[in-house]
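Hello,

Here is the structure I promised to pass on to you. Please open it next to this email and follow along as you read.

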Amino acid sequence: MSVSDKEKEEIEKSSAPLIEHLIELRRRLIWSLGGFFVAFLVCFFFAKRLFNLLVVPFKWATQWAGLDPHKVELIYTAPQEFFFTQVKLAMFGGMVIAFPLIATQIYKFIAPGLYKNERSAFLPFLIASPILFLMGASLVYFFFTPMVMWFFLAMQQTGTNDQVQISLLPKVSEYLSLIMTLIFSFGLVFQLPVVTSLLTRVGILSSQALAEKRKWAIVLSFVVAAVLTPPDPMSQCGLAIPTIILYEVAIWSSRMIERSQARDRLAREKAEAGGSVASDTPDASST
């Protein structure tokens, strides 16, 4: 066999696993994109109903402000604005609905390259992530969106002889952008315990390091809240305070993981020590 033939054989042996991984990746991408497309179509079909559902917190805010919730009005100033708002809403809803399927496909793709203990450690976080995201979204829907809209409604001005009438007439696209920004911000922040727990489990972070950086975390929480939320103090504090609470939860979770790892390591060392003592003990049959 010539040298070129050997090189070709080595290339074929090394490329075979790569081709298999690419085929597997393509299959997972098809499942993920297919699930998102189906969810997108379903959400687009019910886009108006979903948008009316998102307007409910606005109605609650009008009740808090002492106004008639049946007179809530939103507008659109471009002919295509409401259509693209429905497309945007369908994409956002499709991604939320299809996220468990997408996360499962990602896990199935990377799981063969993990050890058994790594797979068992990663799976609970895969389940906890969408649950925490839904908790953050629920907090936005039932509390912070009505609170923010009540804050904006309080800026309205009644027309008198000395002042003009100033009323809040939000555009459908801007209202949806506000809701999506809040949901995304709170959903992202609620992933903090998951991320820190994973980093602690792999040894990149420690509970002591998190506790030492607590002051910086508080400052960073308000900075991130100022960037992600609308420019009003209520929504910024509404995001910063849960972030600080979740940071404390992350410290507690990291300590629990470190204690569990310490117990497992101690049990393993005892088992190894017991095995070595048993091997050093002379066999009774030989005496």
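Predicted model: local features only at pLDDT ≥ 70, side-chain atom pairs only at ≥ 80, totals over all residues.

Start with helix α2, residues 47-54, and helix α4, residues 81-110. Their axes are 10 Å apart, and the helices pack at an angle of about 85°. Angles from 65 to 115 degrees count as roughly perpendicular, so that is the word for how α2 and α4 lie to each other. On the α2 side, the contact is made by A47, K48, L50, F51 and L54, and on the α4 side by F82, T85, Q86 and L89. Six of the residues in this contact are nonpolar, two are polar and one is charged.

**Aromatic pairs**

How many aromatic pairs does the structure hold? There are 15. A pair of aromatic rings is described by the distance of the centres and the angle of the planes.

Take W60 and F142: this pair is stacked, at 6.1 Å centre to centre with 20° between the planes. W60 lies in helix α3 (residues 56-64) and F142 in helix α5 (residues 116-153), so the pair ties together parts that are 82 residues apart in sequence. W60 is partly exposed, with a relative accessible area of 27%, while F142 is exposed, at 53%.

Then look at F144 and F186, a tilted pair with 4.8 Å centre to centre and 35° between the planes. This pair also links distant parts of the chain, as F144 is in helix α5 and F186 is in helix α6 (residues 172-189), 42 residues apart. Are F144 and F186 buried or exposed? Both are buried.

Ring pairs also join F36, F40, F44, F83 and F84 into a cluster.

**Nonpolar cores**

The largest nonpolar core has 32 residues.

Leaving aside its neighbours within four places in sequence, F58 is in contact with V72, L74, M149, L153, L168, P170 and Y175. There is also a second, separate core of five residues, with L210, A211, Y247 and I251 among them.

Enjoy exploring!

Notes
Residues numbered from 1 in each chain as written. Heavy atoms only, no water. Axes fitted to C-alpha atoms, helices over the stretch in contact; angles between N-to-C directions. Helix = DSSP H or I, 4+ residues; strand = E, 2+ residues; numbered from the N terminus. Parallel < 35°, antiparallel > 145°, perpendicular 65-115°, else oblique. Contact = heavy atoms within 4.5 Å. Nonpolar A, V, L, I, M, F, W, Y, C, P; charged D, E, K, R; others polar. Phe/Tyr/Trp six-rings, centres within 6.5 Å; stacked < 30°, edge-to-face > 60°. Buried < 20%, exposed > 50% of the residue type's maximum accessible area, 1.4 Å probe, protein only. Core = buried A, V, L, I, M, F, W, Y, C linked by side-chain atoms within 4.5 Å.
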